[in-house]
Amino acid sequence: MQAIAESSKPKTQSTSPLLTFWRTFRRNPMALVGLTMLIIILLLAVFARQLAPYDVTSSANVSTADIYNPPGGAHLLGTDDAGKDVLSNFFFGARISLIVGFFAAFISVFIGGVIGIVAGFYGGRIENILMRFTDIMLVIPDLPLMVVIVALTKPSLINIIFVIGLLGWTTTARIVRSQTLAVKSRKFVLRARAIGAGNFHIILHHILPLVMPLLVVNAILVISLAILNESALSFIGLGDPTALSWGQMLNYAFGRGAMSAGAWWALVVPGLGIVWVVLALTLLGHGLEQVLNPRLEFHHLEPGRPVVQSEARQPVARAEDGRPILLEVQNLSVDYVTAGKPPARAVENVSFQLREGELMGLVGESGCGKTTLMLALLRLLPPAGQIVGGKVWFMGRDLTAMDETELQTVRWNGISIVFQGAMNAFNPVRTIGDQIFEAIQKHTPILPEDKIEDRVSELLELVGISAEHKAHFPHQYSGGMRQRAMIAMALACNPSVVIADEPTTALDVMIQAQILELLDSLRKKLGLSIIFVTHDLGVVAEMCDSVLVMYGGVTAEYASVDTIYNAPRHPYTQELLKAFPDLSKLDKRLASIPGYPPRLDQLPPGCRFAPRCPQALERCHTQPPALHRLEGTHVASCHLLDG
Amino acid sequence: MTNMDYFLEVRDLKKYFQAGRPGWFSKSTRLVHAVDDISLQLQRGEVIALVGESGCGKSTLALTLMGLEKPTAGQIIFEGEDITHADESQLKTLRQRIQMVFQDPYESLNPTQSIEEIVGEPLVVHDLGLSPAERRERVVRALEDAGLKPADIYMRRFPHELSGGQRQRVVIAGALVLEPHLLLADEPVSMLDVSIRAEILNLLADLRKSRQISIIFITHDLGTVGYFADRIAVMYLGRIVETGAMREVLESPQHPYTRALLSVIPVPNPRLRRERVILQGETPNPIDLPSGCRFHPRCPVAIERCKQEDPPYVRLSATHQTACWLVKEA
């Protein structure tokens, strides 16, 4: 337990979500521009009395000569039909327009939020009634209804606010309901129920905080809609005659001959005001959406930036047993680069060889760089990831030096990859057969369609799914079948190397055994080379030829499977093996490795395993160990092996 | 045998769901037999492992015991009290005594709450009349009991700042804070790395000793139950097919399903590669149950009789029993 506390100490100080939010927000230009524009107009409205050159409420000192005076001189933006200063009107109009916008939006968002959350949370009959009511409200055209209601009631400011507010909640309700449904099904809500929390507590503490971001974004867009609606109502003469809003200004100017008088300023100024606010709110809304949902911004699998290296070739090497080496990784290093921080070394100096028909296990705890290493092989790293050194030889060509188009011919055709959790990545509305069909067609467009159909059936049969299941949708497949289908897809273009990233992790032991058996049989049948990525040493023992154990981004130990399990030299490998439940020693307490793997941005100065290592020496904490070559292909990086 | 003999007694429990979502006009009459006639008994401080593949009904059984699902039939007696049809207020007091640890520590923590809020939430919900200082003290104790020491450095953090193992400890701390008598642990280690698994399993074993908590440990992996379970119950398609003391089940498994599950546990030694019984296919859907023994379509040793008649329980010892036509009474 002591070690846990120690390993946690150097972690960065806790940051509140609000602070993190502000940091991301600051970097989003769209949101910043929108916010600035909005603040400017808010300030103008708040300080209208101080800023306006004239008092718009009094009609004193106005003569007929003042009507529709062009901009310039005493009136910076000219005068209107009543001889009043347009600029002053604009400032005071901002007040009314914004007040209506904000209050109406508040009403809409409140009603929409409550209906959405209640419908989404309680479901069943309540949901049915509320959502059908929402549907009805949604199909009624808002503006004509507003016109009718405002025309029937007194067109006062309060009435207008309520009419706009009471009719504008439908989209909010729908958005909030779907978000509530999504949040409601998450495990922490079930957990809250299990501790005995009531509905109100769950809504307040678990649903609302997660619906809130969406509600804020939506509220901002609702405000702009409300301002537009108010302007439209005022423009057609249904505004509050005592309150001058931008819409009202347009109405007066338009109705009282501004067009024929050529007084464009009387129309353009309030128009620009409306455009300005709506633009500001839209920018802010979209910006916020990006900030609150960073996944909108970029795709995880964008092509990484390669190191520029000259194209290189070398003859295909052969291993000692005469089998050709298909893939050879030499001293590969990968950095993650974040602005304003030193690069984090995710993978350092990793080397391995993969012979034809070999099954290699890549083992390590989460966060030790396994997936990064595999993505780097195919240069599929996220934009922040960069290969900063080393080579990847595949069939005599260096993948790190290839350009994108050449790489395309290697990806899937030469080396294919089954991503972690990929079995949940099938498109739910298309059949499995269709999706495999599409993958083949994309890579070999010359193949006639009926040939592809045959190939799809063949592939499915190969992974143990009868061809009649081709026409089924992903939800009709079980987890194990989806994983098989994913493997079929990876085999579509006859690759020589398949990388399987944690293919059995979320599956039951029995299904796990089935998938392992399948991979082993595919290797024998098709002569495939397979890299099997896992955190579970037990899983790979039964069928791997060699095992690469990674820790904190470096090679801890790399050897044949027998050596790894029976004569491991690195303490990490030894500890991992001890942590494994052994059914022949039921009385013994399980050994565990206290502490956690290091964070990439806080690597210890010496050996990365030293803080958790039971055999660590003094120098382990200060110097990184060298990679020792032991007998044969066995390598390990540990100070205990120093001469 | 009276009700008072056991700490928890489940009698012929059934939980059926309606298949598909009934629409406005259609009424579905097909039933999912998630839990079908389960009986089990638990003594105070005892740990029982419920083992089976996904879809065997073990999670539904847990949710039913928690009162989060209403049972279709049967009886649940907990600490001498019939809680089968407990109402909301009964359930609320009950939940101070039964707590649950969920499978996925990444999903079962609300990302917007701090660790202190998460662990302290049950105290707020149950409103035990504690002062803020007392509440804090209990949160600290629960966190430290769950192995997060010193608790101070974790209280202000948010779930995303913790590793998977630490999050699972937070979930356990949240379950401990009410000082429950029974802990339902639903696959508490299946989402964790092997190296972390051992720590969590050891933690549960320690808690059971130090706090005298009874644990129902739900898992698909027989390999993880040996260390602290007193008894094992193997489930298949809503029914217990074999149950016995831990050693009886692990060392002399009788049901072909138990044997198959045992044979596929990975052995971390390539020199010990052994014959594995890999069952083909997956647990069939519990809507259209197979005739006779529910396991016969996947059973490697099924005989003709298995297809027609459902086997009764065969008693092998005072604690060990199984439902299989091929097993003879001791």
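**Exercise 1. Find which residues touch the most other members of the largest nonpolar core.**

Solution. Start with the residues in this core, 274 in number. A nonpolar core is a set of buried Ala, Val, Leu, Ile, Met, Phe, Trp, Tyr and Cys residues joined through C-beta atoms within 7 Å. Buried means that 20 or more other C-beta atoms lie within 10 Å of the residue's own (12 or fewer is exposed, in between is partly exposed), with C-beta atoms placed from the backbone. The residues touching the most other members are Val418(A), Phe532(A), Leu143(B), Ala173(B), Leu184(B), Val234(B) and Leu261(B). At least three core residues come from each of domain 1 (84–296) and domain 2 (325–414 + 493–641) of chain A, with bounds from an automatic or database domain assignment.

Before going on, a word on bookkeeping: residues count from 1 along each chain as its sequence is written, while chains are lettered from A and ligands numbered from 1 in the order in which they are written. The model is predicted, with local features needing pLDDT of at least 70 and side-chain atom pairs counting only at pLDDT 80 or more, though totals for chains, interfaces and linings use all residues.

Now zoom in on Val234(B). Skipping neighbours within four places in sequence, its contacts include Val51(B), Ile240(B), His255(B), Tyr257(B) and Leu261(B). Contact here means C-beta atoms, placed from the backbone, within 7 Å.

**Exercise 2. Work out why helix H10 of chain A is largely enclosed by the rest of the structure.**

Solution. Helices (H or I, at least four residues) and strands (E, at least two) are DSSP runs, numbered from the N terminus. Just after H10(A), Gly196(A) has a positive phi of about 100°.

**Exercise 3. Work out which element gives the most to the side of chain B that touches chain A.**

Solution. First count the contact: 60 residues from chain B and 54 residues from chain A. S6, H3 (115–126), H6 (164–176), H7 (194–211) and H8 (246–251) of chain B each supply at least two residues to chain B's side. H7(B) gives the most, with 6 residues.

**Exercise 4. Trace the order of the 4 strands in the open sheet of chain B.**

Solution. The order is S2-S1-S4-S5, with antiparallel pairing. Two strands pair if DSSP finds at least two bridges between them. At the edges, S2 (31–42) and S5 (81–82) of chain B each pair on one side only. Then go pair by pair:

- S1(B) and S2(B) are joined by 9 bridges, and Leu13(B) has Ile38(B) in S2(B) as its bridge partner.
- S1(B) and S4(B) share 5 bridges, with Lys14(B) partnered by Ala73(B) in S4(B).
- S4(B), residues 73–78, pairs with S5(B) over 2 bridges, where Phe78(B) stands opposite Glu81(B).

Conventions. Two residues are in contact if their C-beta atoms, placed from the backbone, lie within 7 Å.
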